[in-house]
Amino acid sequence: MDLSDLLVSRLQFAFTIIFHIIFPTFTIGLSAYIATLCVMWMRSGKERYRTLAQFWTKIFAVSFAMGVVSGVVLTYQFGTNWSRFSAVVGNVIGPMIGYEVLVAFFLEATFLGVMLFGWNRVPPWLHTFSAIAVAFGTTLSAFWILSANSWMQTPAGYEMRDGIAYPLDWLAIVFNPSFPYRLAHMVTAAYLTTSFVVLAVGARYVLAGKYLEHGHTMVRMAVAFAAIVAPLQLFLGDQHGLNTLAHQPLKIAAIEAHWDGNKPGELVLFAWPDENAETNRLAITIPHGASLLLTHSWDGLFPGLKSVPPQDRPPLLPPFFAFRAMVGIGLLMILTALTGVWLWWRGRLFKARWYLWPAQHAWWIGFVAVICGWIVTETGHPRAVRTGLRRRVRDGHLLHQPAHRTRAGRSCA
């Protein structure tokens, strides 16, 4: 492998962002769970909800701190690894990242102290309000970060002058074409990931025969929530895919390993894509399946990888396999949640060790799905864009960057 400066920068940034995304994902979901527990405590007066909120608040504090520390590294890498990219799009990306700090992070920091240290020091209503404010702040933080990332995927509301992006319409920039789909998909993923962490902890307590009341509460809440949200996430992912097809069709071609755009697309369940031979080895497919999902037509057509020269195609293996891992985990989550609801209905949820034992080890699957999702998002850009960017960076300037290619400079995963 040729470890060029560009490749090393990409690998470094990829490692940093993969490590970082674990913590915001967890804090977004966990803050909402803590706020829910506080509301239930106030409404019912039951002490177990207060105890659970205190327990998870300690874990939230550690995760929040790690998210802040690892996020600071990312901002430095924008200036070190991708200084030319920052010079080109800083007029657009800089303010959005600044809004995330000024609006979202400051809100979280203001009420985080009350949430952490306000037990027995402030009235219950104020403590609950603080928990809700922190939960709102974490979601607002996701709003701005995903808006910035979505703009880099589907830029809008700006113009290029002498190779520099200048904002024209901030509403078009913030609410760019892919933003609503990415925001809904990511926030739902955070909530779903957290629900499986809660399920795992509750299942472990039930199996150990300790704190059974609290364990039962965690398992019930996690199963009920996941049974609703996991199928919803499947729908949101489908809508996100349709939006990606409209704006980044070659990324969809790479995800589906779809070579010939003149033929209906097969739904490739598994294969080993051979880029040199332009075919899929060991393929297990459903004929016309991809066409049905993406075009809602049996013979629907969408662009294939052969529609552009090999040097212009996006990387194939990372998005192809990462997408299947993400979808596979999503289907496993749906099956787990619905099985839990069925056992709950039969009155056997806390007696079925065959269900609780694997559930206690399932805390990590949501994080893997989120990481795979980001790999799919960040590696599906055409190589021609990267090659052109590398040449411009090497020459010390970025000129005549096409509007729909602005995002390529940060393709480092």
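A crossing is left-handed if the near helix is turned anticlockwise from the far one by less than a right angle, and right-handed if it is turned clockwise. Keep that in mind for the first close-up. The model shown here is predicted, so local features need pLDDT of at least 70 and side-chain atom pairs count only at pLDDT 80 or more, while totals for chains, interfaces and linings use all residues. Residues are numbered from 1 along each chain as its sequence is written, and side-chain values use heavy atoms, with hydrogens and water left out.

**View 1. Helix α1 crosses helix α12.** Helices here are DSSP runs of H or I with at least four residues, strands are runs of E with at least two, and both are numbered from the N terminus. The axes of α1 (residues 5-44) and α12 (residues 365-378) come within 10 Å and cross at roughly 125°, which makes the pair oblique. Axes are lines fitted to C-alpha atoms, for helices over the stretch in contact, and angles run from 0 to 180 degrees between N-to-C directions. Under 35 degrees counts as roughly parallel, over 145 as roughly antiparallel, 65 to 115 as roughly perpendicular and the rest as oblique. The crossing of α1 with α12 is right-handed. On the α1 side, I18, I21, I22, T25 and F26 make the contact (heavy atoms within 4.5 Å), and α12 brings F367, V370, I371 and W374. Sorted by class, that is eight nonpolar residues, one polar and no charged. For the classes, Ala, Val, Leu, Ile, Met, Phe, Trp, Tyr, Cys and Pro are nonpolar, Asp, Glu, Lys and Arg are charged, and the others, Gly among them, are polar.

**View 2. A closer look at T25 in helix α1.** T25 is buried, at a relative accessible area of 1%. Buried means under 20% relative accessible area, exposed over 50% and partly exposed in between, using a 1.4 Å probe and protein chains only. Setting aside residues up to four places away in sequence, T25 touches M186, A190, T193, T194 and V370.

**View 3. Helices α3 and α4 run roughly antiparallel.** Here the axes of α3 (residues 83-117) and α4 (residues 124-153) come within 7 Å and cross at roughly 170°. The contact of α3 with α4 takes in 24 nonpolar, six polar and two charged residues.

**View 4. A271 sits in strand β3 (residues 267-274).** A271 is buried, with a relative accessible area of 0%. Leaving out neighbours within four places in sequence, A271 is in contact with N280, R281, L282, A283, F320 and F321. R182 is 89 residues away along the chain, and its C-alpha atom is separated from that of A271 by 27 Å.

**View 5. Two loop residues, D162 and Y211.** D162 lies in the loop between β1 (158-161) and β2 (164-167). Its phi is positive, about 55°, although D162 is not a glycine. D162 is exposed at 73% relative accessible area. Y211 is in the loop between α6 and α7 (212-247). Y211, also not a glycine, has a positive phi near 45°, and at 58% relative accessibility Y211 counts as exposed.
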